[in-house]
Amino acid sequence: MATKTATAKKTAAPKKTTAAKKTVSKSSSKEPAKKDAASDLRDFFEDALKDIYWAEKALTKALPKMEKNATHPDLKKAISSHLAETEVHVMRLEECFKSLGLKPEAKKCDAMQGLLDEGKGIMEETKVGAIRDVGIIAASQKVEHYEIATYGSLAAYAKVLNEKKCLSNFLATLKEEKNCDKLLSTIADTALNSKAK
């Protein structure tokens, strides 16, 4: 009787393993490409350019709302200053389109839309004052980190594609995005996080 039980246990184990293997193979299947999918680095570069152009333009509309909801003077000043920079970022992207012989075109950036929606939600879920300021900084830094990653990638593509005007513009914007992120961290650390306790 003990032998039959041991055999039954041995038989049951492989079935679980096989089921697990089937699950893994289904989840690792390749996603089919759309008809207009990028086929080379230049296509991917141009798509990413349209994406960040939409993102920057959307940000120019979101920043004034964030500034209006902020209360700490240093935070309000940082947001106002970054709005001016963001307007320059839009112009730099337009220069890049022009240098590529393309008309500026915005393609909805789902990532930025999600980040902006989250920022709006944070403002709705926090009371005006230090805690909302902390939330605004958190939301803003998520946006900055997304932009830092995007401009870093775009600069790398521009370098490979020998698009010098775009590369120069991306590096200038990347530096400003990193500086803004550092400033937000300083404001949070020195003025706001402890007040929001």
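A disulfide is taken here as a pair of cysteine sulfur atoms within 2.5 Å, and the exercises below apply this cut-off to a predicted model.

**Exercise 1. Determine how many disulfides the model holds, and state which cysteines form the link.**

Solution. Begin with the distance between sulfur atoms: those of Cys96 and Cys166 are 2.0 Å apart, which falls within the cut-off of 2.5 Å, and Cys96 and Cys166 therefore form a disulfide. Applied to the model, the rule gives a count of one disulfide. As for its geometry, the angle about the S-S bond is 100°, and the link between Cys96 and Cys166 is right-handed.

**Exercise 2. Work out which parts of the chain the pair of Cys96 and Cys166 ties together.**

Solution. Place each cysteine in its element: Cys96 belongs to helix 3, which covers residues 73-99, while Cys166 belongs to helix 6, which covers residues 164-192. The two parts tied together by the pair are therefore 70 residues apart in sequence.

**Exercise 3. Decide whether Cys96, Cys166, Cys109 and Cys180 are buried or exposed.**

Solution. The cut-off needed is that a residue counts as buried under 20% relative accessible area. Cys109 has a relative accessible area of 1%, so Cys109 is buried. Cys180, at 9% relative accessibility, also counts as buried.

**Exercise 4. Describe the second largest pocket in the corresponding way.**

Solution. The second largest pocket holds about 310 Å³ of space. Its lining is made up of 17 residues, and those closest to the centre are Ala62, Lys65, Leu116, Lys120 and Met123. The elements giving two or more residues to the lining of this second largest pocket are helix 2, helix 4 and helix 5. By residue class, the lining of the second largest pocket divides into nine nonpolar, four polar and four charged residues.

Note on methods: Residues numbered from 1 in each chain as written. Predicted model: local features only at pLDDT ≥ 70, side-chain atom pairs only at ≥ 80, totals over all residues. Heavy atoms only, no water. Helix = DSSP H or I, 4+ residues; strand = E, 2+ residues; numbered from the N terminus. Buried < 20%, exposed > 50% of the residue type's maximum accessible area, 1.4 Å probe, protein only. 1 Å grid on protein atoms, 1.4 Å probe; cavity = no way out; pocket = protein on both sides within 12 Å on 5 of 7 lines; lining within 4 Å. Points joined across faces, edges and corners; volume = space filled by probe spheres on them. Nonpolar A, V, L, I, M, F, W, Y, C, P; charged D, E, K, R; others polar.
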